[in-house]
Amino acid sequence: MINYILVTHLLGATIWTGGHLILSLVVLPKALRDKELSGLMAFEEQFEKIGMPALIIQIITGLWMVHKMLPDPSLWFGFDNDLSVLISAKLAILTLTVLVALHARFRVIPTLSVARLNYFALHIATVTLLSVSFVVVGSLFRTGLG
């Protein structure tokens with residue numbers, strides 16, 4: 001069963017991280033170069049339909065797997081072993097991702113204009129770096145910190 005949960009988690013990570021890499025490396029540079037919001041907003045609107053469910057799937061499956069590894073949540077923040085350090089790191093990245101995404105969704109996007117495009121680009125770059133960080137830290141569950 002854990003294998004199916006892991007594969008589901010990895011598929012969610014593929015969608016979430018891959019979508020943000022496409023956004024950052026393909027869509028955003030064109031929007032910045034052309035000073036045009038329509039392509040960027042069209043991508044955001046379409047990606048949100050699969051990206052948000054992918055993130056939710058990652059959260060659910062990630063918590064499920066963590067609970068299987070360390071059933072006592074108080075041990076998740078112990079920092080006395082590699083597993084608790086990695087769990088804490090993933091939860092910290094998740095918290096930062098949620099904060100940046102909420103700020104973008106409710107503060108930046110409603111007032112988005114060409115003049116504020118660079119500010120939105122900073123949010124996109126931040127979420128992309130956080131999503132790649134998710135993947136890197138996730139790989140360390142298998143390979144370890146050392």
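Predicted model: local features only at pLDDT ≥ 70, side-chain atom pairs only at ≥ 80, totals over all residues.
Q: How many aromatic pairs does a search of the whole structure find?
A: Rings are paired if their centres lie within 6.5 Å. With that cut-off, a search of the whole structure gives a count of two.

Q: Is the aromatic pair of W16 and F47 stacked, edge-to-face or tilted?
A: The ring centres of W16 and F47 are 6.3 Å apart, with 35° between the planes. Stacked pairs have planes under 30 degrees apart and edge-to-face pairs over 60.

Q: Which helices hold W16 and F47?
A: The pair links distant parts of the chain, its members being 31 residues apart. W16 belongs to residues 2-34 and F47 to residues 38-69, which are helix α1 and helix α2 respectively.

Q: Is W16 buried or exposed?
A: A residue is buried when its relative accessible area is under 20%. W16 has a relative accessibility of 4%, so W16 is buried.

Q: Which residue has its backbone oxygen 3.2 Å from a polar side-chain atom of H9?
A: H9 lies in helix α1 and is buried at 10% relative accessibility. Beyond its neighbours within four places in sequence, H9 contacts residues including T61, G62 and M65. The backbone oxygen at 3.2 Å belongs to Q58.

Technical notes:
Residues numbered from 1 in each chain as written. Heavy atoms only, no water. Phe/Tyr/Trp six-rings, centres within 6.5 Å; stacked < 30°, edge-to-face > 60°. Helix = DSSP H or I, 4+ residues; strand = E, 2+ residues; numbered from the N terminus. Buried < 20%, exposed > 50% of the residue type's maximum accessible area, 1.4 Å probe, protein only. Polar contact = N/O pair within 3.5 Å; in protein donor to acceptor, adjacent residues only side chain to side chain. Contact = heavy atoms within 4.5 Å.
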